[in-house]
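Hi,

Here is the structure I promised to pass on. Have a look at it first, and my notes follow below.

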Amino acid sequence: MTTLIIICILPIVLLYLGLYKANKALLPVTVIGLIAALGFAIAEYKTPDTAVPIYHGMMLFNNFSVVFSSIAIVTTILILLLSGGYFEKISNHVAEYYAIMLFSLAGIIVMVSYYNLTMMFIGIEIMSVSLYILAGIKKSDFASNEAALKYFLMGAFSTGFLLFGITLIYGSTGSFSLEVIRDWVVAHPHIDPMFYTGIGLIIVGLCFKVGAAPFHFWTPDVYEGSPTLITAFMSTVVKTAGFAAFLRLFSACFAPLSDFWAPILLVITVATLFIGNITALYQQSFKRMLAFSSISHAGYLLFAIVALGSASANSVFIYATAYSVASIIAFGGLILVQQQSGNDSFESFNGLAKKNPFLALVLTVSMLSLAGIPLTAGFIGKFFMFTGALSRYQFWLVIIAVINAIISIFYYFRVIVAMYFRSAERTELVVPAYYKVVFAISALATIIIGIYPDFISRFI
Amino acid sequence: MTVSILIFLPVIAAVIVAFLKNSAARYAALFFSIAELAIAGLFLSKFVPDATTQFAIDVPWIAKFGIYFSAGIDGISMIMVLLTTILVPLIILSTFSHEYKNSGAFYALILFMQAGMLVVFTALDGFLFYVGWEAALIPIYFICALWGGENRIRITLKFFIYTFAGSLFMLVALIYLYLQSPDKTFSIHTFYALKLTAPQQSWVFLAFFLAFAIKMPVFPFHTWQPDTYTEAPTGGTMMLSGIMLKMGIYGVIRWLIPNAPLGLVHWQTLITILAVIGIVYASIIAFQQKDGKRLVAYSSIAHVGLIAAGLFVVNVQGLQGAMVQMLSHGINVVGMFFIWDIISRRLGTRDISQLGGIAKVAPKFAIAFLIIVLGTVGLPLTNGFVGEFLLIDSMFQYSAGHYQNLTIVIFAGSTIILGAVYMLRMYKNVMQGELNELTAKFTDISGSEQLVLGIICVLIIAMGVYPQPILHISEAAVTNLISSLNGKLIF
């Protein structure tokens, strides 16, 4: 649990650094602190998994938590490395950025290691409240304000659902503890309707947080209006954590009741896939396209919960890792292109390959991975998801997913087509060294996981 | 010595070539592809033509899912390996008279594609097969889209989505077979041993068939093909038509028929009819083409239609005919596209009606063109004859006792006549007749062109006169496959 403590103390240190105008020290201190937190997280990894609940059964920092904390921390580090010079341009209060992002990360660590519904709720709220602020951090920007307000209103609403669901579960079982709830479910062959209603409301709340249709309406506007790096954070780390929390709850407590909730989630999954993909087709803005594609990826991630089984955690982990590293490249590339051309349309990528072959290459790797082409991590993620779903006889779900994978080719390849096959007058983009490092790491990770996923697929 | 050398040499070569420029890239690519051919030759010399799998490699890859890097060569794979390793140097050599921008990237993509195709032709693991299948697709997409003609962006995307869609259904079928296997592996031997019910096999068959039918292509999944062949740079067209479409035929032999024989029985008539429709339809369209490259593209659909028709009869003649015809078609179609590349590079047009009389100014070119045309129409003593004869023979065995099937066979056989009609007519219009202002400027072939066409002509005649060594390579493997099928079809 040292990880959580470090991540809680670190932002306070950063705020003091900001107070004393030590802006140059912010990034190094953050990265070093996060690496230390990562180290402590990995140190708690045990084979076989023998972790026991701690803090009177409130938390359980098992291998599942280690793995998901690690990917959250690593992704955050990569995103922060991209922030060199980015936050300074849009705000004078740089320290707050780092601090609030880390507070959000603290919430995420709680979300992946809770063992009690109250802790889940607290984790989600710590993360969300931080994000409401981050979305609106460009104080004088209209879109950013709109994003924050929308996110806050919708988020508060969904929190209500979540809390109501938790209350009903508590009313039925008399406890918030996952262990007690699970035992209660196993012991009661006839579950009363109040409990089912509770599950339904929790599904609504969690689907909102992960941006699954029909609770996705906030996603495109919030993603578009927020500063791009915050969008990157929301669509990678936050989404991964949301699914980890979702999966943890359902596999720990509600697995025996899958006859009730699986059909609901099945409908949500199919709707999410189609809405995300088909709307993404019509976007002219690269950033909005990424927002809708992130909805469709939420659909693929839901596969793991619909086809809940022993391999689900692993599938979510691989898929989320693949999606996160690819998204980091996409958002990083977007920041650079946006800075140069002033807009985020597909046209602003035209002819990029001639002037910036490296940037075009890593963006291509990222797009191929998001589209799920073999030899990239995205394919391995989809393969695990499809296998999991087919093993639960969800044939039609997989066929629908295949159709959606084909649709997604259209919009991912638009970027590749723009970069390589369309020409435009443009000057060479200056890619800062930090960016090059992050791009290289992410692209290599994408390809290595794509070629040899064995080393990463045995953690959970 | 295992097949991994054969697979990884082109990958390494691609990485090296990617960093070279202009003529250095060109010669390096040629060097590596010839080295690859030499290795294939070495394998051939050590190959024992029985039904066993040789030079096998089998190492765990994704252990958790029972996925192995498992590959090896039997008689059927050997033919495909030969096809690939012979054609790639020829194709690289044939591009020597072109100046490609970023030639390092161009040749690197060709070599990488070769590696992907060799994986497909040797894989003994379903997952590996799928990865190779897609790994061959990505480079050809970039080759076509980067160095292709005017409408390349739209047409290559159509091609990519078409083939990707087909292969995703194949992936679903592969995962399905994996989940049915008792010990949860992707091994082809486990798949062969599965006992699926007829409806299960019927679905598996359809999913595989979609992928392979798009790749070959079989009517009505062919609509991507003529456009892509026309728009792609000639090197890319040759890779597509010479080698890549054989991935579909090979897939049918290795993965479709043995895994879903009952599915085959169920769908056989429909598919044979589709294949025959494809033959006649493509021939009629080829007959009306003005653009020489498009004509060859349609003729390719017709020829592949015949291979498909013979293939789905599933007897020794049909499969042996398909093996030989794959090799012949690969060589002939590469020659044919090269001929049109030479014409369009010299004269700036591929419009048949503007040409004529070239034989008068370019005798060497005329001889080579004629030999390739004769090989394509399947004249006896050329390579095309052996395959077509075996395929039509197998079709007649299929019709024995079934009067209605005879009609199908007669239509299938019409490919020889129709093919001769449009091919010889094309030759006549291009090479004979009066010289015009345009064609008078035509200069005869020389240098690398002469070498490529010379090799192709020698192969056409050598294989036509004495096909026995090639038939011998795959015979035991094909016979074994058929006998194991007959075991499965007893109810």
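In this predicted model, helix 17 (residues 377-391) and helix 18 (residues 395-421) of chain A have axes that come within 8 Å and cross at roughly 155°. An angle over 145 degrees counts as roughly antiparallel, so that is how helix 17 of chain A and helix 18 of chain A run relative to each other. Their crossing is left-handed.

Which residues meet there? From helix 17 of chain A come A:K382, A:F386, A:A389 and A:L390, and they meet A:F395, A:L397, A:V398, A:A401 and A:A405 of helix 18 of chain A. By class, this contact has 8 nonpolar residues, 1 charged and no polar ones.

Next, the place where the two chains touch. Chain B brings 23 residues to the contact and chain A brings 20 residues. On the side of chain B that touches chain A, strand 1 (54-62), helix 5 (126-147) and helix 6 (152-180) of chain B each supply at least two residues. Helix 6 of chain B gives the most, with 12 residues. That side of chain B has 21 nonpolar and 2 charged residues, and no polar ones.

Finally, chain B as a whole. Chain B has 19 helices and 2 strands. Its radius of gyration is 21 Å, close to the 23 Å that the globule rule gives for 491 residues, so chain B is as compact as a globular protein of that length. Of the 491 residues of chain B, 60% count as buried. Among contacts in chain B between residues at least 6 apart in sequence, 81% join residues at least 24 apart.

Best wishes

Methods
Residues numbered from 1 in each chain as written. Chains lettered and ligands numbered in written order. Predicted model: local features only at pLDDT ≥ 70, side-chain atom pairs only at ≥ 80, totals over all residues. Contact = placed C-beta atoms within 7 Å. Helix = DSSP H or I, 4+ residues; strand = E, 2+ residues; numbered from the N terminus. Nonpolar A, V, L, I, M, F, W, Y, C, P; charged D, E, K, R; others polar. Axes fitted to C-alpha atoms, helices over the stretch in contact; angles between N-to-C directions. Parallel < 35°, antiparallel > 145°, perpendicular 65-115°, else oblique. Left-handed = near helix turned anticlockwise from the far one by under 90°. Rg over C-alpha atoms; globule rule 2.2 N^0.38 Å. Buried ≥ 20, exposed ≤ 12 C-beta atoms within 10 Å, placed from the backbone.
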